[in-house]
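These are my notebook entries on a single chain, made with the sequence and the coordinates open side by side. I set down what I looked up, entry by entry.

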Amino acid sequence: MTDYATQLLLPVATAIRPALNRVVFIGVESCGDYFRVDADRVRGASLRHLAATTLATVSLDRIGAELVASGLYRDLRGTDEEEWVTSTGFRIVICGAPADTADPIESMIREYAVLLTRTLALTPDVSVRVSAPATLFALWWLRHAKRRTSMSECPLIEDIIELVARHPALTDEIEAVPAELRTFIATAAGGFLADDSAEWVIARALTDARLTPSVVRPVVSAFRRIAGYP
Amino acid sequence: MLQISWNMKQLSLRPGDVVVALQLALLPVSRLEDISSATLRSLGEVHNAVVRLRSARLLKPEAREVVREPLLNFIRWGVPFAFPAVVGGMALGVTTGVVPSSGLGANQSANSAEVASSEFVWPSSTGTTRGQALVPLYARAPELVAINPALRTLLSLVDLIRIGGAREGSNAIAAIAHELTRIDTKDGV
């Protein structure tokens with residue numbers, strides 16, 4: 001576990017403990033265990049400023065009542081996600097459950113994000129469920145697409161690049177996921193590569209690319225493999 | 001046919017002009033001598049910087065005062081491309097490229113700032129931090145630690161925009177705006 005993840009996830013997980021089994025963590029801050037330690041550095045990140053991002057497994061209203069009882073307050077309420085603040089000032093974003101969306105593709109990805117998870121032990125007493133890397137790729141791309149921000153200014157795209165660059169097993173894991181999810185991920189990777197700023201965005205996300213531009217190439221190759229290109 | 005006179009030339013901002021602009025954002029309508037001593041730049045350099053900043057419409061026409069929104073836009077969207085980060089090997093120096101713990105406590109100076117996961121320094125013989133060398137916007141920036149911590153904090157954030165990605169950029173520009181607003185509030189502006 002990286003320090004920033006422990007600093008953010010542990011207080012959040014402790015604060016929402018009664019509802020902890022009703023959420024799955026889906027943010028880059030919860031991916032510390034997925035990232036290969038000796039991999040290229042990605043970004044001069046200030047991840048401390050992230051909110052912990054989660055996906056609800058039940059309706060937001062039901063979780064909301066439990067969070068209020070735990071002493072959290074709701075700071076923002078969107079159509080499909082809410083932002084809550086713990087009594088110690090940490091933020092948690094809760095995205096709607098799979099059944100909360102009318103979009104069949106989004107619903108499918110959320111279903112898999114809730115089903116395909118790994119357990120991350122923050123302390124011997126506190127564990128959280130983190131969505132699998134392949135579903136994170138799909139979820140982050142989906143959230144990027146919904147935001148309609150440009151590729152170069154979307155932090156979720158940088159999160160995807162970090163995942164691809166620092167989790168070498170991702171390509172194999174994507175091969176193993178159900179076909180409908182794999183198809184979506186391949187289409188997303190292809191869409192990313194089709195953008196003419198793709199390599200520029202990768203180079204900017206990889207801190208070491210300034211001195212060693214060749215570190216971009218393996219990441220582009222990984223995206224190409226995910227997209228199913230020869 | 002319109003001809004360009006021999007003495008007409010295209011003005012362009014220089015990296016050190018950003019420093020003067022930020023100092024003027026910290027202390028509007030300062031005298032040139034004050035800006036010079038606060039930024040460790042010569043009087044002539046400061047004067048020329050003011051002329052260039054005014055031609056770029058980042059200063060008000062009649063006053064030595066920055067127009068804040070265009071300045072923030074320039075720092076966010078212009079500086080990383082006009083003055084791209086030049087990085088080198090590991091060096092001893094002064095920490096840069098960090099967000100002070102703003103949002104959670106923005107009243108801390110960059111001295112107590114969170115060190116980013118990949119740490120950059122302005123190479124300096126007086127520095128105490130080891131990190132990857134990042135060429136500062138102007139040579140005497142490392143000396144600001146002792147004489148002008150507020151400006152040093154802002155320059156550190158500008159560096160974060162130069163070296164970071166989308167998330168760092170938006171965090172850093174929000175922190176710069178926050179720092180400037182805090183100064184306004186403190187001064188009762």
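Which residues in α4(A) meet which residues in α7(A)? I note at the outset that this is a predicted model.

**Entry 1: α4 and α7**

I listed the contact residues. On the α4(A) side I found A:Ala134, A:Phe137, A:Ala138 and A:Trp141, and these meet A:Leu181, A:Phe184, A:Ile185 and A:Ala188 in α7(A). By class, the residues of this contact divide into eight nonpolar, no polar and no charged.

I then looked up the geometry. Helix α4 covers residues 133-147 of chain A and helix α7 covers residues 179-194; their axes come within 10 Å and cross at roughly 55 degrees. That angle makes α4(A) oblique to α7(A). I recorded the crossing of α4(A) past α7(A) as left-handed.

**Entry 2: α5 and α8**

From α5(A), the residues A:Ile157, A:Glu158, A:Ile161 and A:Glu162 meet A:Val201, A:Ile202 and A:Ala205 of α8(A). I counted five nonpolar, no polar and two charged residues in the contact of α5(A) with α8(A).

**Entry 3: strand β2**

I next looked up the pairing partners. Strand β1 (residues 23-25) of chain A pairs with β2(A) in the antiparallel sense over three bridges, and A:Val23 has A:Ala56 as its bridge partner. With strand β5 (residues 91-95) of chain A, β2(A) pairs in the parallel sense over four bridges; here A:Ala52 is bridged to A:Ile92.

**Entry 4: A:Leu72**

I located A:Leu72 in the loop between α2 (60-69) and β3 (73-77) of chain A. I classed A:Leu72 as buried because it has 21 C-beta neighbours inside 10 Å, the cut-off being 20 or more. Leaving aside neighbours within four places in sequence, I found A:Leu72 in contact with A:Ala15, A:Ile16, A:Leu67, A:Trp84, A:Val85 and A:Thr86. I also recorded a C-alpha to C-alpha separation of 9.7 Å between A:Leu72 and A:Phe90, which are 18 residues apart in sequence.

Conventions: Residues are numbered from 1 along each chain as its sequence is written. Chains are lettered from A and ligands numbered from 1 in the order in which they are written. This is a predicted model: local features need pLDDT of at least 70, side-chain atom pairs count only at pLDDT 80 or more; totals for chains, interfaces and linings use all residues. Two strands pair if DSSP finds at least two bridges between them. Helices (H or I, at least four residues) and strands (E, at least two) are DSSP runs, numbered from the N terminus. Two residues are in contact if their C-beta atoms, placed from the backbone, lie within 7 Å. Ala, Val, Leu, Ile, Met, Phe, Trp, Tyr, Cys and Pro count as nonpolar, Asp, Glu, Lys and Arg as charged, and the others, Gly among them, as polar. A residue is buried if 20 or more other C-beta atoms lie within 10 Å of its own, exposed if 12 or fewer, and partly exposed in between; C-beta atoms are placed from the backbone. Axes are lines fitted to C-alpha atoms, for helices over the stretch in contact, and angles run from 0 to 180 degrees between N-to-C directions. Angles under 35 degrees count as roughly parallel, over 145 as roughly antiparallel, 65 to 115 as roughly perpendicular and the rest as oblique. A crossing is left-handed if the near helix is turned anticlockwise from the far one by less than a right angle, and right-handed if clockwise.
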